[in-house]
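Hello,

Here is the structure we talked about.

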Amino acid sequence: MWLAYAKAGKELEVIAALDELGITAHCAKVVEVKRVGKRHRPDVFIDPLLPNYIFVECDAEQYLKAVGVKHLAPTMTAIPSGDVRSVHRFLSAAKREVTNRLAKIEAGERIEQFNPGDVLEILSGRLSGIMATFRGIVEKAGSPHPQVSVSVGQMMGKDMLVSLDALHVKKAS
């Protein structure tokens, strides 16, 4: 087994090219949920878990074919035979995780881009510039877009909760 380096964003393309040559290649993946542009609901993206890295299983003849694949570095690093089993366990665990996450999404699980407790920055309105703590997603009857429930502080020992449009907040950096 070899560890190969591919250009960023081209990992899946390289795996497809290697597959066409009859070479077995693996790329651990992760499911990410991101909001793109002004969409109110986040989209699902499947990206490499280890950007740029691909695990290749091939013999000497296939190795020579593999190094000529576009977007793949011309050198690969051999993985010691004692570590190959660990690599396979890692790849299997990553694949199970992706499969489980996609199954939950297909079953209708709400996709949230924030986790409870995340610190968010309010981008517009009277509270612009204030840091708030994410509490959850609020779906209001009659509204086609979800709202974000945040705590902007405490008053008399109770959280002051505010509902905002999801486009008006971002994770604090």
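**Around S149**

Leaving aside neighbours within four places in sequence, S149 is in contact with T133, F134, R135, G136, V138, L161, V162 and S163 (contact means heavy atoms within 4.5 Å). S149 lies in strand β9. Strands here are DSSP runs of E of at least two residues, and helices are runs of H or I of at least four, both numbered from the N terminus. S149 counts as buried, because its relative accessibility is 10% (buried is under 20% relative accessible area, exposed over 50%, partly exposed in between, with a 1.4 Å probe and protein chains only).

Before the rest, the ground rules. This is a predicted model, where local features need pLDDT of at least 70 and side-chain atom pairs count only at pLDDT 80 or more, while totals for chains, interfaces and linings use all residues. Residues are numbered from 1 along each chain as its sequence is written, and side-chain values use heavy atoms, with hydrogens and water left out.

Strand β8 (residues 131–138) pairs with β9 (residues 147–155) in the antiparallel sense, over 5 bridges. Two strands count as paired if DSSP finds at least two bridges between them. Strand β10 (residues 158–165) also runs antiparallel to β9, joined by 7 bridges. Q154 stands opposite D159 in β10. The β9–β10 hairpin has 2 residues between its strands, and M156 there takes a positive phi near 55°.

The whole sheet is open and has 5 strands, in the order β10-β9-β8-β7-β11, with antiparallel pairing. The edges are β10 and β11 (169–171); each has a single partner strand, so one side of each is left without a neighbour in the sheet. Neighbouring strands are turned by 50° against each other on average, direction ignored. For angles, axes are lines fitted to C-alpha atoms, for helices over the stretch in contact, and values run from 0 to 180 degrees between N-to-C directions.

**The four-stranded sheet**

A second open sheet is formed by 4 strands in the order β2-β5-β1-β6, with antiparallel pairing. Its edges are β2 (24–26) and β6 (72–78), each with a single partner strand, so one side of each is left without a neighbour in the sheet.

Helix α3 lies across β2 and β5, running at about 120° to β5.

Strand β5 (residues 53–57) is antiparallel to β2, with 3 bridges between them. T24 stands opposite E57. β1 is joined to β5 by 4 bridges, also antiparallel. V56 in β5 is the bridge partner of W2 and of A25.

L3 lies in β1. With a relative accessible area of 25%, L3 is partly exposed. Leaving aside neighbours within four places in sequence, L3 is in contact with Y53, I54, F55, M76, T77 and I79. L3 and V30 are 27 residues apart in sequence and 19 Å apart in space, C-alpha to C-alpha.

**The largest pocket**

What volume does the largest pocket have? About 300 Å³. The search ran on a 1 Å grid over the protein atoms alone; a pocket is an open set of points where a 1.4 Å probe fits, with protein on both sides within 12 Å along at least five of seven lines. Grid points are joined across faces, edges and corners, and the volume is the space filled by probe spheres set on the points.

The lining has 13 residues, and the closest to the pocket centre are H26, C27, K29, L91 and K95 (lining residues have an atom within 4 Å of a point). α3 (residues 81–106) gives the most to the lining, with 7 residues. By class, the lining divides into 8 nonpolar, 3 polar and 2 charged (Ala, Val, Leu, Ile, Met, Phe, Trp, Tyr, Cys and Pro are nonpolar; Asp, Glu, Lys and Arg are charged; the others, Gly among them, are polar).

**After β11**

S173 sits in the segment after β11. S173 counts as exposed, at 97% relative accessibility.

Best regards
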